There are 2 protein chains.
Amino acid sequence: MTSNPSFQPAHTTPVDLAERSYDIHIGPDLLRHAGHVLKTLSAGARALIISDSHVFEHHGHTLVQSLEDDAIAYETHVVTPGEPSKSWQPLQEIVDKALSMRLERGDVIIAFGGGVIGDLAGFAAAITLRGVRLIQIPTSLLAQVDSSVGGKTGINARQGKNLIGAFYQPLAVLADTHVLDTLPAREFRAGFAEVIKYGLINDAAFFTWLETHRHAIFEGGSQRAEAIARCCRAKANIVAEDEREKGRRALLNLGHTFGHALEGLCHYDGSKLVHGEGVALGMVMAFAFSQEMGLASKDDLARIITLLKASGLPVHPSEHLSEAVTAEQMMHFMLQDKKVSKGSLTLILARGIGHSFIARDVDQGKVSDFLTRFLAHHTAV
Amino acid sequence: MTSNPSFQPAHTTPVDLAERSYDIHIGPDLLRHAGHVLKTLSAGARALIISDSHVFEHHGHTLVQSLEDDAIAYETHVVTPGEPSKSWQPLQEIVDKALSMRLERGDVIIAFGGGVIGDLAGFAAAITLRGVRLIQIPTSLLAQVDSSVGGKTGINARQGKNLIGAFYQPLAVLADTHVLDTLPAREFRAGFAEVIKYGLINDAAFFTWLETHRHAIFEGGSQRAEAIARCCRAKANIVAEDEREKGRRALLNLGHTFGHALEGLCHYDGSKLVHGEGVALGMVMAFAFSQEMGLASKDDLARIITLLKASGLPVHPSEHLSEAVTAEQMMHFMLQDKKVSKGSLTLILARGIGHSFIARDVDQGKVSDFLTRFLAHHTAV
């Protein structure tokens, strides 16, 4: 078999970054076109597949078959699933593997997995020979709508998550929407929190569309690919304007400052709180705080809570976490965030669904008072 | 004391890289203006000084005094001098130090030392928080004319030198020409090989000027600053055209493919062969091969050998190394170079002094035959 000429993804979203521009392809069964895409973009290149053992067990054969069909030489390096793999040692092992197989700058690292793999393998690609080519094949909903798009790569430090890394854009992103069928339900839901986020940031119509089509997206119909494509388009637009997060890109952190604090308090233990759940809780807090400040309406907050609950996502820490969380604990983590500048607190707040904005120099006292009240209640409203 | 208003470097060379543009300041006694430069470019920033124990012992007090005069908060991290510090463990320690002192993206890492420190600290700056600010204060001639300019940063891998890293541009480069007075003579000579390289690449007039002013440059007069400024200007021009080494920048590798092979054969043991000596030998080989191919004249080769010898630099491996080197050994290393593409050999050859060019797909057999003949003789001519 040779290159597959029938490569027709349901959606293709360009990310416009001058000479670093690339396409995100979204649709069912794209994985078996991976070899074709690689060959088209980097003829003659060899590949190093980075994956985790879960993903590779389920879908490795499809990817490998696709590369073999296109006669692409490849090697595979499989890491342990989970956040601890985003650290120095696994990074070094990938770079060492790439150098040992004498990868050249025109060769390709394929990041084949969820957010952890995308961040880890992407960072390895950025620093091997000061940059080898990279193709992202995200296999979780979260990675498809968020982490695989925009070029943020990195590992965790003992001081916090994602504190070490690089901005490094891929050659292409392939988001196969069928691969998500094997995702655990909790992970799919968590990814859906990030989908909702795009509606909240600047697209009220998308939020309304999600209220209507939530069920179909979970079921895996054409609406799933459409939802993912709309998220990628939204993120691509923001990233094209502000690749290195000097301004508007910070909007993508809606719910993340509060959410990261909760994740930190759970020691990033995914059995207690996965990232998307933290984001769901954080978005509720951002809107509840915005409402308390007279910015957003009670109705908007209620709609958000309804959609999150219907999606199986948490809306208040006390309903989700076994241990109580205090405002003091959360403030401690929030002031450690890498986006903190000169000690002042920057939050993403909103004047309503689809009307988020970057609020700089937010009064720490007001945030702390809000958290005290919010956490004292046992539900979000 | 406050910021020093009398900052008037003998030479200032801009590096034109759009939003990543910066200035290289060159002249005597610039070190005591470091605080002023930092404050001007990044008001309110804190600093993390990365240095090695030799450099910091000789010149640390001047740098520190300058920062204190401008009321800049700083911490210091000193590493072991020498090439082994360009590795994962020292890199991790610097990043950990930066994160522990809660450096923010607007804060500054100061790379204060020779090429090793510039590469190591520059890479740490590139990946801490996906990029904190960087000021290069090179303290060796080699670093002032070469490694501190152009944004290449990195560490070594067991598979070879500089195989892991990033392209990362500094906020400014401060080249204090008086600092070079404390440099060991052998290191100064080695740096001078890179100075000569700029004449050989594309500036025959500069080569002639060096033949005349070599002595004054070694003595430390105004010609020293001028020579450094001309090299920086030459490198800045090439880098501005080709930041990521996709084309013309490869000219800067004149003498380096042969030179790296010799360094590799010496296991990068600086007591046997320092980098600049390898470059000197490599430049002779590049011109001798060019002459053999009918490209360059015997006269040009003779002038090069005369200037290198007068500068105390080696011109033939047999005169410099205690063990014999074979063509086979050199070819083995040359084919490992990270600039090798699809296994074909790319060399920088020349049609004469000042007329170097990138020769792609060079016949490996011809190179091997040339090396066999060249190495069999005991002198270069």
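Copies are superposed by least squares on the C-alpha atoms of residues with pLDDT of at least 70 in both. Here pLDDT is the predictor's confidence in each residue, from 0 to 100. With that rule, a rotation of 180° with 0.0 Å of shift along its axis places chain B on chain A, at an RMSD of 0.0 Å. This is the relation of a two-fold axis. The same surface serves both copies: 100% of the contact residues of chain B recur in chain A.

This is a predicted model, in which local features need pLDDT of at least 70 and side-chain atom pairs count only at pLDDT 80 or more, while totals for chains, interfaces and linings use all residues. Residues are numbered from 1 along each chain as its sequence is written, chains are lettered from A in the order in which they are written, and side-chain values use heavy atoms, without hydrogens and water. Chain A averages a pLDDT of 93, and 97% of its residues score at least 70. The model scores ipTM 0.91 and pTM 0.92.

Now the interface. Contact means heavy atoms within 4.5 Å. On that count, 38 residues of chain B touch 38 residues of chain A. Buried area is the accessible area (1.4 Å probe) that two parts lose on being put together, summed over both. Chains B and A bury about 3300 Å² between them, 48% of it on carbon and sulfur atoms. In chain B, the most area is lost by Trp88(B), Arg105(B) and Arg130(B), together 23% of what that side buries.

A salt bridge puts a side-chain nitrogen of Lys or Arg within 4 Å of a carboxyl oxygen of Asp or Glu. There are 4 between chain B and chain A. One of them joins Arg158(B) to Asp96(A), 2.9 Å from N to O.

Which elements of chain B each supply at least two residues of the side that touches chain A? They are α3 (88-100), α4 (115-127), β7 (152-157) and β8 (160-167). Helices (H or I, at least four residues) and strands (E, at least two) are DSSP runs, numbered from the N terminus. α3(B) gives the most, with 7 residues.

Over all chains, the whole structure holds 38 salt bridges. One lies within chain A: Glu194(A) pairs with Lys197(A), their closest N and O atoms 2.9 Å apart. Both sit in helix α6 (residues 185-202) of chain A, 3 residues apart, so about one helical turn separates them.
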